[in-house]
Structure formats: structure tokens, C-alpha cells
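Reader: I would like to go through the labels attached to this structure. For each one, please set the value against its definition and then conclude.

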Amino acid sequence: MTRMVSAREAGLVACNRCELVHEASISHCERCGARLHSRKPFSLQRVWAWWVAGLIAYIPANLYPMLTTQQLGTVHSETIVGGVITLIELGSIGIAAIIFFASVVVPISKFLIIAFLAISVLRPSGMSAHSRLHLHHVIEFIGRWSMIDVFVVALLAALVQLGAAASVEPGPAAACFALSVAFTMLSAQAFDPRLIWDAPVRKEPAT
């Protein structure tokens, strides 16, 4: 199979802002004026920094209450997983599945995929470059939907304010979860997908 030559190997660099292609010796884009980089500076360092920050914020997001409800003097707090269990017990399985998917499955999958991509550019990977590039597009797409839990809490807090009868307040986990989502989105954006094409290739065993 013929190996493709990357733009970097051909002495070219594309502008990250307007995507105009230049000679590698040019420092600024001739069309939009942006600084040209063959690869994002310190991409992996920034990926891991945001990744660790997101993981640290995700731990209290699951330990502290996401939602505190008060009804006729009775106060009740729920964590993310506790809220999912309560919804299942109340028969709202569909809503419980959405909350569980958006608040547990998606964040953990993002952590694993980002870590895998960052590691895969440093050592040979069994997954093809095209598949890893597709994974990067997937985590960028789903990142914007990870705030569903926070939106639900904010909506309930805004709508359910009935004085002493009933009220809904966001718990400390809501802020931690929002920070975790924001940090993982920044981690995904810091990753330069062009590094995938620079990654060492796994050598196939001789037949």
C-alpha cells in the first residue's frame, strides 16, 4: 500500500482559522493574518492538563448532591446516580436512561477516548488513523450535549420555586459537573488531530 505524504512532509502548512495552505516557511496567514503552526504548540501537554482538571472536577460531581428538593419542610438531596435510581423507582425509565447516558456514560467515554488518542500518537496503535480521527470527531460532537444534566437542574430550579411549599435548588455537584464538562471539551479541542498522522506505525509481522 502506498504511503500518503502529509502536508508537513511536503513542506506545507494550513491555516487553522481559514485553512489556506502556505509554504512552511511563512509565519502568518496571508489571508486572515493568523499565526501558522504545522502542529498546535504544546498540544499534548494542554490535553493532559485539561484532562486531569476535568477528572478532578468529575469526582465531586458524583459524590455531592446534584439536586436538593424541599417539599413541605422535608429536604431531600440526590447525587447523579441516586437521582437515576429514584427516577427508575418512579417509573421514569426513559428520563433515567437519558440522564445516566449524558451524565455517566458520555463523560467517562470522553475521558477514555481522549486519553487513548493522546497515548496513541506516541506509540504504535492497533487502530487505523482514519478510525482515530473519527473518534476525535465523535467526542467533539457529543461534547456539546454533555450539559443536559446541568440544564435540567437549572430548569427545575428556575421553575419550581413555590416558597415554603416546594423548591428545587442546584447542589454543589452541578457546578463541579459543569466544570468537568468544560474542561474535557477544552481537552478535546487542545488535541491536534494532525498528530495522528505523525504517530509511529505498528510494524506488521513478516510472513
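Reader: Where does F42 lie, and what makes F42 count as exposed?
Author: F42 lies in the loop between β2 and α1. Those element names come from DSSP runs, numbered from the N terminus: helices are H or I runs of at least four residues, strands are E runs of at least two. Exposed means over 50% relative accessible area, buried under 20%, and partly exposed in between, with a 1.4 Å probe and protein chains only. F42 has 60% relative accessibility, so F42 counts as exposed. Its phi is near 55°, a positive value in a residue other than glycine.

Reader: What kind of model are these values computed from?
Author: This is a predicted model, where local features need pLDDT of at least 70 and side-chain atom pairs count only at pLDDT 80 or more, while totals for chains, interfaces and linings use all residues. Residues are numbered from 1 along each chain as its sequence is written, and side-chain values use heavy atoms, with hydrogens and water left out.

Reader: Which other residue than glycine has a positive phi, near 70°, and in which loop is that residue found?
Author: That residue is E19, with phi near 70°. E19 sits in the loop between β1 (12-14) and β2 (21-23). Its relative accessibility is 63%, so E19 is exposed.

Reader: How many helices and strands does the protein have, and in what order do the elements run?
Author: The protein has seven helices and five strands. From the N terminus on, the order is β-β-α-β-β-α-α-α-α-β-α-α.

Reader: Why is Q70 called partly exposed?
Author: Q70 has a relative accessible area of 32%, so Q70 belongs to the middle class, partly exposed. Q70 is part of strand β3 (residues 67-71).

Reader: What makes D192 and R194 a salt bridge?
Author: The rule asks for a side-chain nitrogen of Lys or Arg within 4 Å of a carboxyl oxygen of Asp or Glu. The closest N and O atoms of D192 and R194 are 3.0 Å apart, and the pair forms a salt bridge. By this rule the count is one. D192 has a relative accessible area of 2%, so D192 is buried.

Reader: Why is H136 called buried, and which residues is H136 in contact with?
Author: H136, in helix α4, has a relative accessible area of 3%, so H136 is buried. Contact means heavy atoms within 4.5 Å. Leaving aside neighbours within four places in sequence, H136 is in contact with L117, A188, F191 and P193.

Reader: What makes a set of residues a nonpolar core?
Author: A nonpolar core is a set of buried Ala, Val, Leu, Ile, Met, Phe, Trp, Tyr and Cys residues joined through side-chain atoms within 4.5 Å. The largest core has 29 residues, and F177 and F191 touch the most other members. Elements giving two or more residues to this core are α1 (43-63), α3 (93-120), α4 (129-143), α6 (172-190) and α7 (195-198). Apart from it lies another core, of five residues, among them V13, C15, A34 and L36.

Reader: How much of the protein is made up of buried residues, and which residues of helix α2 are buried?
Author: Buried residues make up 36% of the 207 residues. In helix α2 (residues 80-89), the buried ones are I80, G82, G83 and V84.
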